[in-house]
Amino acid sequence: MPISIFGFQALWSPYFLAFLVLITLFYFLITIKWRGKFKDSEPLTKKKALLFVSGMALLYTIKGSPVDLLGHIMFTMHMVQMAFLLLLVPPLLIMGIPTWLWRWFIDLPVIRPIFLLFTKPMLALILFGLAFSFYHLPIVFDFVKQDILLHTAMTTTLFTAAMFYWWPLVNKLEGMHKFHGLKKLGYLFALSVLMTPACALIIFSDTPFYATYTDSAAWQQAMALCVPAGTLASLTLSGPEMFSTMSLIEDQRTGGITMKIIQELVFSVFIWLVFYEWLRNENANADEITAQVLQDRKEMAYHRHNG
């Protein structure tokens, strides 16, 4: 059965799209038109703008497009959402917001102590790993997925934890928690280890875990998170099997595998970037050392000749 039966609003989330468009317009107003009102501001670069817009476009794709609706129908699509929402959108947004704007935001009296605490690398790592695992406990997952306020609060909490996790890896702000060189690799690997138990339980389970994908009543209540009540009441639905050819256990296992594959792909890209940055710095330092040695030899030769 096609998902188009749920209607335009469920498929494309126009209100969420309008919200993200407003945030993006506000971003460009601050970074271009109102930039002079901020201390030590610099012109917005094309790279920063592209990173931010890419992050917002990806955020809409996974939370506002039909992908979001499919995430309520198939656990596999839910895990695709989680992977991109937590592992790719945060670094794109962090890198897309200019350093001077981050500095202004963090220096706000209430924000600074909170930010300094929760971006401590070990705390950020542990909280993010625990939040991800806690959310995917069946009792928590099913409870949260059937209430729009709880679901919004949990999604916001997970996304915030992801922002804190990624901050030490990609921020360029002086005086903030950050990693340099190959220490970033250990930090990425540590999260991979923390996420593995939850994914392994999902992948190797012999039975489907989540009532919001297996129980008709629970599933329809979860669908109410993204489908208008009037539209949902007019449809006669039994469960997600009406929209997918995969069995429930296959869907669950595929979701766990997909999450790990996307995580490894994203981390591989960042590991390559970290290694490239480290290699570039090493080469730059090597040039400095070589230049200094040549200068020292010139000075020694000069003193020897004039001695």
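This is a predicted model: local features need pLDDT of at least 70, side-chain atom pairs count only at pLDDT 80 or more; totals for chains, interfaces and linings use all residues.
## The largest pocket

The largest pocket holds about 1,500 Å³ of space. Its lining is made up of 45 residues, and those closest to the centre of the pocket are F16, F19, L20, I23 and L59. Two or more lining residues come from each of helix 1 (8–12), helix 2 (14–33), helix 3 (46–63), helix 4 (66–73), helix 6 (89–96), helix 7, helix 8 and helix 11 (148–170).

Among these elements, helix 11 provides the largest share of the lining, ten residues. Sorted by class, the lining of the largest pocket comprises 35 nonpolar, eight polar and two charged residues.

## The second largest pocket

For the second largest pocket, the volume is about 550 Å³. This pocket is lined by 22 residues, of which K47, M95, V170, K172 and L273 are the closest to its centre. The elements that contribute two or more residues to this lining are helix 3, helix 6, helix 7, helix 11, helix 12 (183–204) and helix 16.

Helix 16 gives the most here, with six residues. The class division of the lining of the second largest pocket is 14 nonpolar, two polar and six charged residues.

## The largest cavity

Across the whole structure, a search finds two cavities of 30 Å³ or more. The largest cavity has a volume of about 70 Å³. Its lining consists of K63, D68, G71, H72, H78, Q81, M82, Y135, K145, H151 and T155.

Helix 4, helix 5 (75–87) and helix 11 are the elements that give two or more residues to the lining of the largest cavity. By class, this lining has two nonpolar, six polar and three charged residues.

## The second largest cavity

The second largest cavity has a volume of about 50 Å³. F75, P208, F209, Y210, Y213, T214, L248, D251 and Q252 form its lining. At least two lining residues are supplied by helix 13 (211–214) and at least two by helix 16.

Helix 16 makes the greatest contribution to the lining of the second largest cavity, with three residues. The residues around this cavity divide into six nonpolar, two polar and one charged.

## An aromatic cluster beside the cavities

Ring pairs join F75, Y135, F141, F209, Y210 and Y213 into a cluster.

## Aromatic pairs

In total, the structure contains 25 aromatic pairs. One of them joins W102 and F105: the ring centres are 6.2 Å apart and the planes stand at 70°, so the pair is edge-to-face. Both residues belong to helix 7 (residues 99–106), where they are three residues apart, about one turn of the helix. W102 counts as buried because its relative accessibility is 9%, under the 20% limit. F105, by contrast, is partly exposed, with a relative accessible area of 31%.

A further pair, between W219 and F243, is tilted, with 6.3 Å from centre to centre and 40° between the planes. W219 is placed in helix 14 (residues 216–223), whereas F243 is in the loop between helix 15 (229–233) and helix 16 (248–306), so the pair ties together parts that are 24 residues apart in sequence. W219 and F243 are both buried.

## A loop residue: K120

K120 is located in the loop between helix 8 (111–118) and helix 9 (121–135). This residue counts as partly exposed because its relative accessibility is 41%, which falls between the limits of 20% and 50%. From K120 to S192 the separation is 72 residues in sequence and 18 Å in space, taken C-alpha to C-alpha.

Definitions and conventions
Residues are numbered from 1 along each chain as its sequence is written. Side-chain values use heavy atoms; hydrogens and water are left out. Helices (H or I, at least four residues) and strands (E, at least two) are DSSP runs, numbered from the N terminus. Buried means under 20% relative accessible area, exposed over 50%, partly exposed in between (1.4 Å probe, protein chains only). Rings of Phe, Tyr and Trp (its six-membered ring) pair if their centres lie within 6.5 Å; planes under 30 degrees apart count as stacked, over 60 as edge-to-face and the rest as tilted. On a 1 Å grid over the protein atoms alone, a cavity is a set of points where a 1.4 Å probe fits but cannot get out, and a pocket is an open set with protein on both sides within 12 Å along at least five of seven lines; lining residues have an atom within 4 Å of a point. Grid points are joined across faces, edges and corners, and a volume is the space filled by probe spheres set on the points. Ala, Val, Leu, Ile, Met, Phe, Trp, Tyr, Cys and Pro count as nonpolar, Asp, Glu, Lys and Arg as charged, and the others, Gly among them, as polar.
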